[in-house]
Amino acid sequence: MSNPNPNVYIIVDQESGEETESESEEDSEETEEEEEVQEEFIPVTESPRVLSSKEGEKGGEGRICSSGENSQGNDWNGGDIDGLFCPICMEAWTTTGDHHVCCLPCGHVYGFSCIRKWLQQRGTSRKCPQCNKKCTLKDVRKLFASRLVAIDGESQKRIRSLEAKCISLEKKSAVSSKKEAECRKREAEWKRREAVLQQELHQLKEKTNYLEHLLDVQSRMTGYAPSIGGYQVQTLGHNLGSEFNGKGSFILQEELRVDGARLFDVDASSKILLMTRRLQGLGGTHVLTKMSLVAPYERLDISLPSGTKAVRDLRICPSDGSLVLFASLGKKLSVLSTERNNVILAYDLPAAAWSCSWDVNSSHQIYAGLQNGSLLMFDMRQTARPLESAKGLTSYPVHTVHSLRNSTIPSGVTAILSASSVGICQWSFGGSEERPFLVPVTGNQGVCISLAYCSSSDDIIASYRPRIDFPNEMASSQPLLTPVIGQVVPVIGQVVQGSHVHLKRAGSNCYQKLGATCANVNDVRLPRSAIMNIENHGCLFASGDELTGELVLQELPSFTVVQRLKLPKHPIHDVKYVHAFDGGLLGCLSEDILQLFSNHALK
């Protein structure tokens, strides 16, 4: 059969040999079928062509192109359209109608109308357009499927192999991650241990240097004690002539856990202890905790009025142990009853309160030192306003207030001793002196950070640290002692060498300086100390050593060290001493730990 359209052409592989008789008979039968069914030929613009392997295809397979694309050299890739489009007309086949999806015995798939027309146009040489395998119209089989999708077996195998490799790699990665996490954990633990050992080594070096310095000073003085400001300073050696030698020592009686405690005071008559605490949790509520000094040391938390904020000072009334005075940063001066367990009196203050004190001569008068440097005097019988108000020499906070005994004070005059960073001041209410005055005998010691007073003996100890802007031989800074393992709150600041100055009242407005000694103090924190007037034995001074983390007991006025008490934690927040019926009771509050020391030999 001749090609009805000369623009449509087919190029196939050249074949050697002639067709067999059977093939001729099949061709004649197909010719008869074609004559019965008159069909139109594929239009020129829509007709594809098949190129033989001699034009560049591999394996002798033909490739299909439209005549319009031939001029531009664009060839179709049959793999891109398998299962989607008829490779003859490049249109999607259908599941019904003339373009029904069908296949040849070789397995290649076409639209029925397209393959029928294709085979009719080939005449007697009917072959598959893609593989050139002989076929007839009788070999065409319709396929009844919504869509044909060919799965590549090799690709499936590669996918399964890659998935198995991925699973194996994920397992190996998980094991490696676990081992890496364990290694990091071990590394962190070893680094922590190394840091602890380094700190301990540093502390030992500091202690060694400190002791070597003391030995050097002692040797250079050839038996004479060093001095500060012309007053003798005793070294750490025990004085063999000390009045306390042979009188026993303070022994740890009890160690109690008191989370969040910062201040405390003791009422020996009723055997109770009251402390200020900040409860853990959201908001950090401030409470007062009343604790019995008799085992099993029962406790009771007393809630404070809203707006009280942190308590900066706490004092139990010396004449009535059921009343407690406390000053807070919430601009409140309050009196609490331990019998009712609530606040019975509260004064509003013009500024935050840093300190407070009971009047040792009158049980109904109380005092408050403010953050702005002022001092207020109240009479608990008058609740409306303060009885007296006086401005300080500076606007620095008054961090300590003590009421002085009337033994050397004129009648009708009330004297108060206070401390701020500028030094020690004496205030007088009811006399001719209205303005406070600095106690002159302390000299230029530096910044006053603590003031201890014993009303029964009139002994005064003021603690100082060097000024930052003032050169001082004692200002050699040392790294701060690292807290023990397990301590949550770190110690802030650094250790510097300050001093303790011992004074004694010599008149209404006169003071005598009895001695001074070096002290390891913190350059930031305000420490607490106590003077222990032990009947028939003299006085001891209890203070913390920031370098060694110990509570040091020194005999006055020589400042001879008579005992060093080891503390489980650092820093020291408060120190108190009371003389009980069974001997002296010394309390020391460090970080979340309250230690009670007793000396039954001092009855």
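Which side chain does a polar contact of 2.8 Å join to that of histidine 500? Keep that question in mind as you look through these close-ups of a predicted model.

**View 1. Histidine 500 and its partner.** The answer is serine 463: the two side chains are joined by a polar contact of 2.8 Å. Histidine 500 belongs to strand 27, which covers residues 495–505. With a relative accessible area of 6%, histidine 500 is buried. Look around histidine 500 and you will find contacts with residues including Ile461, Ala462, Gly515, Thr517, Phe541, Gln554 and Phe559.

**View 2. Glycine 498 in strand 27.** Here is another residue of strand 27, glycine 498. Glycine 498 is buried, and its relative accessible area is 1%.

**View 3. The largest nonpolar core.** This core has 18 residues, and those with the most contacts inside it are Leu333, Ile366 and Phe378. Six strands each supply at least two of its residues: strand 14 (323–328), strand 15 (332–337), strand 16 (342–348), strand 17 (353–358), strand 18 (365–370) and strand 19 (375–379). Zoom in on isoleucine 366 and trace its contacts, among them Leu325, Leu333, Val335, Tyr347, Trp358, Leu376 and Phe378. In soluble globular proteins, nonpolar side chains tend to be buried together.

**View 4. A hairpin of strands 29 and 30.** Strand 29 (residues 530–534) and strand 30 (residues 538–545) pair in the antiparallel sense over five bridges. Isoleucine 534 stands opposite glycine 538, which is in strand 30. Three residues sit between the two strands of this hairpin, and in the turn asparagine 536 has a positive phi of about 70 degrees. Four of the five residues of strand 29 are buried, so this strand is largely enclosed by the rest of the structure.

**View 5. Cysteines without a disulfide.** How many disulfides does a search of the whole structure find? The count is zero. Take cysteine 103: the closest cysteine sulfur, in cysteine 102, is 7.0 Å from its own sulfur, which is too far for a bond. Cysteine 539 is in no disulfide either, and the nearest cysteine sulfur, that of cysteine 454, is 5.4 Å away. Cysteine 103 is buried, with a relative accessible area of 16%. Cysteine 539 is buried too, with a value of 10%.

Definitions and conventions: Residues numbered from 1 in each chain as written. Predicted model: local features only at pLDDT ≥ 70, side-chain atom pairs only at ≥ 80, totals over all residues. Heavy atoms only, no water. Core = buried A, V, L, I, M, F, W, Y, C linked by side-chain atoms within 4.5 Å. Buried < 20%, exposed > 50% of the residue type's maximum accessible area, 1.4 Å probe, protein only. Contact = heavy atoms within 4.5 Å. Polar contact = N/O pair within 3.5 Å; in protein donor to acceptor, adjacent residues only side chain to side chain. Disulfide = S-S within 2.5 Å. Pairing = 2+ DSSP bridges. Lists of a residue's contacts leave out its neighbours within four places in sequence.
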